[in-house]
Amino acid sequence: MLSFEANDFVVAGAREQRVEHVTMTPNSSNTLKRGTILANDGDGTYSVLTSSNVDDAEVILAEDIAAGNSDVVATVYVSGDFVVEGLTAGYALSEAAILNLKNAGIYLTHGIEA
């Protein structure tokens, strides 16, 4: 049976969670939290999901990072099963964003406890 830990968004016992490193564009926030959904900017960089890039949702931040005024390398989940209520986005997920995440290998579910 699938399960997750409180205050976490990774579903245990499901698909393998794979990580990669990506370059993030500058962000006005000082820190971005693990679980933040990122969008592909189309130029090899990623940024926080917002209303202007909601259909480009592609990866999930795997670790907190200090963002700033220059590009930063971030560890992201590129596949796996995740609890949607534990994720952070700068905009509500549209059906297109959810489908884009699924096509990228990110499957979202609602909280399931064993």
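Predicted model: local features only at pLDDT ≥ 70, side-chain atom pairs only at ≥ 80, totals over all residues.
Biologist: Which residue in β7 is the bridge partner of M24?
Modeller: M24 is bridged to V72 in β7.

Biologist: What is the average pLDDT of the chain?
Modeller: The protein chain averages 81, and 82% of the residues score at least 70. pLDDT is the predictor's confidence in each residue, from 0 to 100.

Biologist: Where is the pLDDT below 50?
Modeller: That is residues 1–7. In the model this stretch has 19 contacts beyond near neighbours in sequence. A contact means heavy atoms within 4.5 Å.

Biologist: And which elements have the lowest and the highest mean pLDDT?
Modeller: Among the elements, strand β2 (residues 31–32) has the lowest, at 84, and strand β5 (residues 57–61) the highest, at 93.

Biologist: How many helices and strands are there?
Modeller: The protein chain has 1 helix and 8 strands. From the N terminus on, the order is β-β-β-β-β-β-β-α-β.

Biologist: Back to β7. Which strands does β7 run antiparallel to?
Modeller: Strand β1 (residues 18–24) is antiparallel to β7, with 7 bridges between them. β5 is also antiparallel to β7, with 2 bridges. Two strands pair if DSSP finds at least two bridges between them.

Biologist: Which residue in β7 stands opposite L61?
Modeller: V76 does.

Biologist: What about β8, parallel or antiparallel to β7?
Modeller: Parallel: 4 bridges join β7 to strand β8 (residues 106–109).

Biologist: How many residues of β7 are buried?
Modeller: 10 of the 12 residues of β7 (residues 72–83) are buried, so this strand is largely enclosed by the rest of the structure. Buried means under 20% relative accessible area, exposed means over 50%, and partly exposed is in between (1.4 Å probe, protein chains only). Of the 114 residues of the whole chain, 37% count as buried.

Biologist: Which residues does Y107 touch?
Modeller: Y107 lies in strand β8. Leaving aside neighbours within four places in sequence, Y107 is in contact with R15, G80, D81, F82 and K102. The C-alpha atoms of Y107 and F82 are 6.2 Å apart, although the two are 25 residues apart along the chain. Y107 counts as partly exposed because its relative accessibility is 26%.

Biologist: New topic. How many salt bridges does the structure hold?
Modeller: The structure holds 2 salt bridges. A salt bridge is a side-chain nitrogen of Lys or Arg within 4 Å of a carboxyl oxygen of Asp or Glu. One joins the side chains of D64 and K33, at 3.7 Å from N to O. D64 lies in the loop between β5 and β6 (65–66) and K33 in the loop between β2 and β3 (37–40), so the pair ties together parts that are 31 residues apart in sequence.

Biologist: And which residue does E20 meet in a salt bridge?
Modeller: E20 meets R18, at 3.8 Å from N to O. E20 is partly exposed at 38% relative accessibility, and R18 is partly exposed at 40%.

Biologist: Is T45 buried or exposed?
Modeller: T45 is buried, with a relative accessible area of 11%. T45 lies in strand β4 (residues 45–48). Not counting residues up to four places away in sequence, T45 touches T23, T25, A39 and N40.

Biologist: Last one: where is I98 found?
Modeller: I98 is found in helix α1 (residues 95–104). I98 counts as partly exposed, at 32% relative accessibility. Beyond neighbours within four places in sequence, I98 is in contact with L93 and L108.

Note on methods:
Residues numbered from 1 in each chain as written. Heavy atoms only, no water.
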